[in-house]
Every structure is written in C-alpha cells, then in structure tokens.
Amino acid sequence: MTAISIAPVAPPQETLEIIYPSADGEPVAETYDHLYAILNTLEVLKQYLTGRRATVLANQFLYYAEGFPKLRVAPDVMVIFDVEPGGRDHYKIWSEKQVPKVIFEMTSAGTQRTDKNSKKELYEALEVEEYWLFDPKGEWIAEKLRGYRLGEEGYELLKENRSEVLQLRLEVEEKLIGFYRQDNGEKLLIAEELAAALAAEIQQREAAEAQLELERERAEAESQRAEAESQRAEAESQRAAELQATLARYQQQFGELSENNS
C-alpha cells in the first residue's frame, strides 16, 4: 500500500501589512547643479511658507494609490497646502487628503522624456495645479524654466513665469530659480544671500555702534570741557569776589582813595 502523506492545514493567513518604502537607493539628483537647484528651491520655499499650514518636500516618494506601493513618484520639490508643517519620510495622498499644489522637476537631457511626458501626464491626472520644469544647464529648455498651470483641458503653458499658487514671480538666475514676492517685489534670499545680508547688517550695526561711541566720547569731552570752563569761571568769580571784599575792607580802614589825597 502506498503511504499517503497528508500535509497539515495552514492556519488562516492574517492580512499582510503593506510597506511603503521611503528610499530606493537611487541618487538624489543627476548632477551637482541639479542637487544645488533642488536644495535651494526647498529651503527658499520652506522659509517663505513658515507659519502657514503647508510643507515643502524634496525627492521623497509621493504615493498616490492606496494599497499599491509601486505606484509612486519622487518629485524633486513639491509644495502641499492645508497639511501639518514639517518633514515626512514619504507622502501618501489618501492619508493626508491633499494633493501637492506645485511640483518642480529639475530636468536634464537624460530625464527630458519622462519629465515632459509621463510625469506631466501623471501630475495632470492628480490635478497638481502647477508644474514647473527647470533645466539648470539649458540642455533641452533654451529658456531653462518652463511652467504649466492646470486649466479646463489640462496643463496650459504659462506665458509668464508667475506662480499664482505661491504668489511668486520666478526668474532664471544662472543655475538657480530666483523667487520674488508679487506683492512687494522682494526677493526670497538663498542661503548665501542671507549670510551676506546678515554680514552686511552686522557690519552696519557695528559701524552705527562705533559712530554712537564716537559721538558719546565727543559729548563726554564737550561735557568735560564745559565743566572745566564752568570751574574756571567759578574760580574767576571767586577771585573777583575776594578782591572786592579786600578792597571794601581797605576802603573801610583807610577811606576812599582819591587822586587829590596825598
């Protein structure tokens, strides 16, 4: 008789937890220029949005389909409003209940096809209001910066580099994006500019303090001179009073002196 092996019945499997990774081992950016543009855009916009219910994330996974961790994209910089400020390891649209309002991609010849096709189509489908492409080396975008805004029929190419969502004007400044407030034209300074402005402010403050110290020393010297003059005047007054008293005593003792007196 052939022996029959009966395999044990496996217990009911519990629902497996779905893992949403925060990294894939890929480099953050293609070149130093791209990384520098990403980091500066991140820091400038973070400073600009301080105090508001918003966050700015860079090169972190954006998951857009719950239960499907492979459906993800990692925008170079994305701005999300009406969420708690601060960083995240990754961003899940269904969890935070907000889609990014603005996305920046620092593009290159190597990422051109993805950036202007599949990513553009995905962001359009997700209803990201503004999509900006910045080519710091000018490899395929002659003007380096190109913006799209979501319209009734999808993304429309912007004629002016103005972000209505951020209320900022964007300018190409060599290999970086310069950001200017639309309300007062003030530039949002990058780290180097902030350091230079701080150094200039410290220098001006030190110069002002030195000038104040010089004025104080001059005022003190003038006060001392005035005090010396006052003391001399008082001494002269005292000597005159003493002379007058001496003369009065002399007159009392010897009478009035006259040219006729002999």
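**Figure 1. Lining of the second largest pocket in the predicted model.** In this predicted model, 13 residues line the second largest pocket, and K46, A54, T55, V56 and G86 are those nearest its centre. The elements that contribute two or more residues to this lining are α1 and β1 (54-58). Strand β1 supplies the largest share, with five residues. Sorted by class, the lining of the second largest pocket comprises seven nonpolar, five polar and one charged residues. The volume of this pocket is about 180 Å³.

**Figure 2. The largest pocket and the elements around it.** The largest pocket has a volume of about 530 Å³. Its lining consists of 25 residues, and those nearest the centre are P27, V28, N59, A74 and D76. Two or more lining residues come from each of α1 (32-48), β3 (72-73), β6 (102-106) and α3 (112-126). Helix α3 gives the most, namely three residues. The lining of the largest pocket is divided by class into nine nonpolar, eight polar and eight charged residues.

**Figure 3. The largest nonpolar core, with F104 and F179.** In soluble globular proteins, nonpolar side chains tend to be buried together. The largest nonpolar core of this model has 29 residues, and F104 and F179 touch the most other members. Elements giving two or more residues to this core are α1, β1, β4 (77-81), β6, β7 (130-134), β11 (168-173) and β12 (176-181). Helix α1 accounts for the largest share, six residues. A second, separate core has 19 residues, among them V73, V83, I103 and L133.

**Figure 4. Surroundings of F179.** Which residues are in contact with F179, leaving aside its neighbours within four places in sequence? The contacts are T41, V44, L45, F104, L168, R169, L170, E186, K187 and L188. One of these partners, F104, is named together with F179 as touching the most other members of the largest nonpolar core.

**Figure 5. The open sheet β10-β11-β12-β13.** Strands of a sheet pair through backbone hydrogen bonds, either parallel or antiparallel. In this open sheet of four strands, the order is β10-β11-β12-β13 and the pairing is antiparallel. Strands β10 (162-163) and β13 (187-188) are the edge strands, each pairing on one side only. Two bridges connect β12 with β13, again in the antiparallel sense.

Figure 6. Strand β8 (residues 145-151) and strand β9 (residues 154-157) run antiparallel and are joined by four bridges. Together β8 and β9 form a hairpin, with two residues between them. Within this pairing, L150 has Y155 of β9 as its bridge partner. Where does E153 lie? Residue E153 is found in the loop between β8 and β9. Is E153 buried or exposed? Because its relative accessibility is 80%, E153 counts as exposed, the threshold for that class being over 50%.

Technical notes. Residues numbered from 1 in each chain as written. Predicted model: local features only at pLDDT ≥ 70, side-chain atom pairs only at ≥ 80, totals over all residues. Heavy atoms only, no water. Pairing = 2+ DSSP bridges. Buried < 20%, exposed > 50% of the residue type's maximum accessible area, 1.4 Å probe, protein only. 1 Å grid on protein atoms, 1.4 Å probe; cavity = no way out; pocket = protein on both sides within 12 Å on 5 of 7 lines; lining within 4 Å. Points joined across faces, edges and corners; volume = space filled by probe spheres on them. Nonpolar A, V, L, I, M, F, W, Y, C, P; charged D, E, K, R; others polar. Core = buried A, V, L, I, M, F, W, Y, C linked by side-chain atoms within 4.5 Å. Contact = heavy atoms within 4.5 Å.
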